[in-house]
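Have the viewer ready as you read.

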Amino acid sequence: MSEKNISSAIEKRHMGLKASRNLSNTAIYILLVAISIIWLVPFACILLQSFRVESTHQVGYVIPHVWGLDNYKNLLNTDFPKWYLNTFIAAMATAVFQTIIVLCMSYTLSRFRFKLRKPLMRFMLILGMFPGMLTMIILYNVLKDLGMTQANSVPGLILVYIASSGMGYYVSKGFFDTIPKSLDEAARVDGATRLQVLMKIILPLAKPIVIYTILTAFMAPWGDYVFARYISFGTSSGKNVAVGLYDWLNHDQIAKCYTMFCAGGVLVALPVTVLFMCLQKYYVEGVTGGAVKG
């Protein structure tokens, strides 16, 4: 076979591979677009219903006949601002304390070598496999004895959310393992303490995992329903937005509160959506960077 024929065959094969790759990419993009549309349709419906003012109950159409901001204004005359504030306080406090605990635990397990290090990691891994619902009864009794239920449920929620934070070290530790230990050793030789190494060297290099930890710590309390309802029953002032909004869907209130429920849902989703869109780059880097064997 001549050199010209070989070159032609290679070129045809390259074109065939390129066409096959383009076809597969097109199919993947079409599938992703379809999934995105299916996923976004309920959110679009809730958004549109939140601007409907001609009626407050459920209707058989999506696009409002009369548009307005009445539902958002009416939220101010309900307990929704209190629920929103409760949720925000719980989420912010959890994000701060849980991030500190997780990063300190991850740094310790990544950099220090002590006798019970691996047994401790295995113990926390096994303990984390048990569902948290198994402890709900005992947690309720403990919080009740401390006066942290019903109207005072927010401190109780914060306490529960951060109590086992150290067991969520897996992703952060994996990210810390990717940072060379020679940096720690060089800083220690220059007289830096362990805390200074963590604060001035490791954390600036671990910005993606720090943001990832903050986001995950913030989002969990923001959307919690099960445990929040369990300890805030019987009083409106101790509810978070998930519990309060769900109560508007009962048979007695849904006819007059459905559009306000949709408006509340939009306001609840807005902060998390904005945060995630702005910090998505760091979120992905934190997940992929921490997904290593350590």
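**Pocket, cavity and charge**

The largest pocket holds about 1,000 Å³ of space. Of its 35 lining residues, Val160, Tyr161, Ser164, Ser165 and Met167 are the closest to the centre. This is a predicted model, where local features need pLDDT of at least 70 and side-chain atom pairs count only at pLDDT 80 or more, while totals for chains, interfaces and linings use all residues. Residues are numbered from 1 along each chain as its sequence is written, and side-chain values use heavy atoms, with hydrogens and water left out.

**Largest pocket**
- On a 1 Å grid over the protein atoms alone, a pocket is an open set of points with protein on both sides within 12 Å along at least five of seven lines, and lining residues have an atom within 4 Å of a point.
- At least two lining residues come from each of α3 (80–111), α5 (136–145), α6 (153–163), α7 (170–177), α10 (207–222) and α11 (226–231).
- Helix α10 gives the largest share of this lining, with 6 residues.
- Helices here are DSSP runs (H or I, at least four residues) numbered from the N terminus.

**Largest cavity**
- A cavity is a set of points where a 1.4 Å probe fits but cannot get out.
- There is 1 cavity of 30 Å³ or more, and the largest cavity has a volume of about 50 Å³.
- Its lining includes Asn86, Thr87, Leu157, Tyr161 and Lys239, and α3 and α6 each supply at least two of the lining residues.

**Surface charge**
- Arg113, Lys118, Arg122 and Lys181 form a surface patch of positive charge.
- Such patches take residues with over 30% relative accessible area and no salt bridge, joining like charges within 9 Å; accessible areas use the Shrake-Rupley method with a 1.4 Å probe.
- A salt bridge is a side-chain nitrogen of Lys or Arg within 4 Å of a carboxyl oxygen of Asp or Glu.
- Lys118 sits in helix α4 (residues 117–127).

Notes
Patch = residues over 30% accessible without salt bridge, like charges linked within 9 Å, V, L, I, M, F, W, Y side chains within 5 Å. Lys, Arg positive; Asp, Glu negative; His and termini not counted. Charge placed at Lys NZ, Arg CZ, Asp CG, Glu CD. Points joined across faces, edges and corners; volume = space filled by probe spheres on them.
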